[in-house]
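Here's a quick briefing for anyone meeting this structure for the first time.

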Amino acid sequence: MSSASPTAAAASPKPPPGGGAARTFAINEAIAVGVLVALAIHGLLRFLGLAVEVPGLAALWELLPAWRPLPPTVADLPLLAMLLIGGAILVAELLGQVMAGVFGADLLAGVAILTSLLLGEWLAGVLVVLMLSGGKALEARAVSRAGSVLEALARRMPTLAHRREGGGIVDVPLAEVAVGDVVVVFPHEICPVDGEVVAGHGTMDESYLTGEPWQMQKAPGVAVLSGAINGQGALEIRAARVAGDSRYARIVDVLRSSEEHRPRLRRLADSLGALYTPLALAVAGAAWWVSGEATRFLAVLVVATPCPLLIGIPVAIIGAVSLAARRGIVIRDPAILERLATCRTGIFDKTGTLTYGTPHLTEVIALGKIDRDEILRLAAALEAYSKHPLAAAVTAAAADLGGPLPVEEVSERPGQGLTGRVGPAGAIREVAITSRTKLAAVAGADGLPAAAGGLECVVVVDGLPAGLLRFRDRPRQDGATFVEHLGPAHGLTRVILVSGDRESEVRWLADHVGITEVHAGISPEGKLRIVEEATREAPTLFVGDGINDAPALAAATVGIAMGTANDVTSEAAGAVVMDSALERVDELFHIGKRLRTIALQSAVGGMAASLVGMGFAAAGLLSPAAGALVQEAIDVVAVLNALRVASDNGQLTDYGTGPDRRGE
């Protein structure tokens, strides 16, 4: 089946964010390289003694207004060309920002470029172009992303459905499937529609949508969700909704809405630039007014060009992204590194986030004369031949109880449980593993203990219930200490647990890890609503791992995806924790704090040095070109300091993680 989505095609998702960043990087990189080439040619021409008048240019120059600068020499032509070409592109972009009401720190550089052009300070002008384009290229490289979450959703869904027509099966575009049509889903395919099973037995993995790790049994009359992954048996499904109204399509719509309405937070460079820009313009204007020399205005602006902001902060961001990558954290949106420190509400999904996302045998209850160890050995002997997700938990629990028992025959009919003959010759037992519901339909389940939280199965030996196996998804060992330290260490004042699971299960985990605010049975739309309401009150951190978490991840101030189970969640999140360890989430907090501290050092320190240089320029002690060189020296120091972000200084966590923090 094809991997593009009809729902995505119908909805026309917006272009991936990474495309704009990539174009920005390419354009500014080209400008920066062009400036470097122009500077090299300029130096060579001066060395060859070609700093002379351009033949025929003087007459043409006379046509310009009286306040025109001196005409460029032959050696100046490469500089003038790049000032006109590169400067025009950069200034046009800045004008667009001004028209949109955005006044950033780079506005000073734009004013300096225009002033240098008017005053004929070609060298100073191209140096400013180099600083501005280089900074923008670095920032674009830092914030570029690999794709769009909507495109990831699109890649995941089929475009064709196997519709049953008469006695055969015809592949048709998914958009042509109508309510009531019967669709065949082959083994391991993605279910294309919401509907009801009309033929076949098997299992479906709905964890992509529900967030829960269980394989769901499917038989005639059972509902199925679009986007679920079919197991090993073919199923025939009667469509209950058209593709555009399916559960999967609603998640796409909710995600698109959350992306479009995500608030834009003010960046560190914007905040500092809002204070620095008017101060620099005031100093430059005062120097011109007092001295009557326009070159002093330009010299002050060149020295004031905020390269510690334009270059130092992007370099620090790149260093933080590199440090995070070495820690197993992929930063998809570097802006989250600045936002993390502002988060005051933490919202956590349950399965795969505060739990390990795999079932674990928690209890074996003997119902008759057979002891618990023997019940577990009998069950494990059969489960060794099963691919059910609970099978691994049973076999792992029985690993230390001696060698495996011999098995003569095994039968596992989808939806009917597991049966077989187990034991050595002369002591063979008829063993079945089934559910409480199936047992009640065959032999009665009156003697079973009351149902408890989690999942369970009944072990039947020689026709009689012999034992009850109970399972739960294990809480992460460091979950409680992690949650406890979020307030004192990172300033979170509110922690919320949300899940699509049952109330009893979610409450049980919440009590285990120390969370008091709980929302259970929550749909993807519900999770989004909770995140949006919380974000209106304070910046939010959301941590999750399923497709059902994608809208909330996209809407939160900071979204962190645990693991790499699916690309949809990874695309929606600002960061992806590759090994699903809470310790990595804590490290991300500390990397963000490290970035902010060092970036502020580079930015504030660089601007303070620039203020000193502005004083010399205002006094006429620095020409525009000399001011540009002074600014370059300040930039080098700011960048060298910013590079410290990438240094790996060992421990980046501040809570006890325990000896088994990953459940290994």
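Let's start with aspartate 194, which is buried, at a relative accessible area of 2% (buried means under 20% with a 1.4 Å probe, protein chains only). This is a predicted model, where local features need pLDDT of at least 70, side-chain atom pairs count only at pLDDT 80 or more, and totals for chains, interfaces and linings use all residues. Residues are numbered from 1 along each chain as its sequence is written, and side-chain values use heavy atoms, leaving out hydrogens and water.

**Around aspartate 194**
- You'll find aspartate 194 in the loop between β3 (182-185) and β4 (195-199); strands are DSSP runs of E, at least two residues, and helices are runs of H or I, at least four, numbered from the N terminus.
- Serine 246 is 52 residues away from aspartate 194 in sequence, yet their C-alphas are 5.7 Å apart in space.

**Helix α18**
- The twelve residues of α18 (479-490) reach 16 Å from first C-alpha to last, close to the expected 16 Å (1.5 Å times one less than the number of residues).
- Its buried residues are Gly479, Phe482, Val483, His485, Leu486 and His490.
- Among the elements covering those buried residues are β11 (345-349), β18 (494-498) and α23 (582-618), with contact meaning heavy atoms within 4.5 Å.

**α23 meets α24**
- Ile598, Gly606 and Ala609 are among the α23 residues that meet α24, whose side includes Ile634 and Ala638.

Key
Buried < 20%, exposed > 50% of the residue type's maximum accessible area, 1.4 Å probe, protein only.
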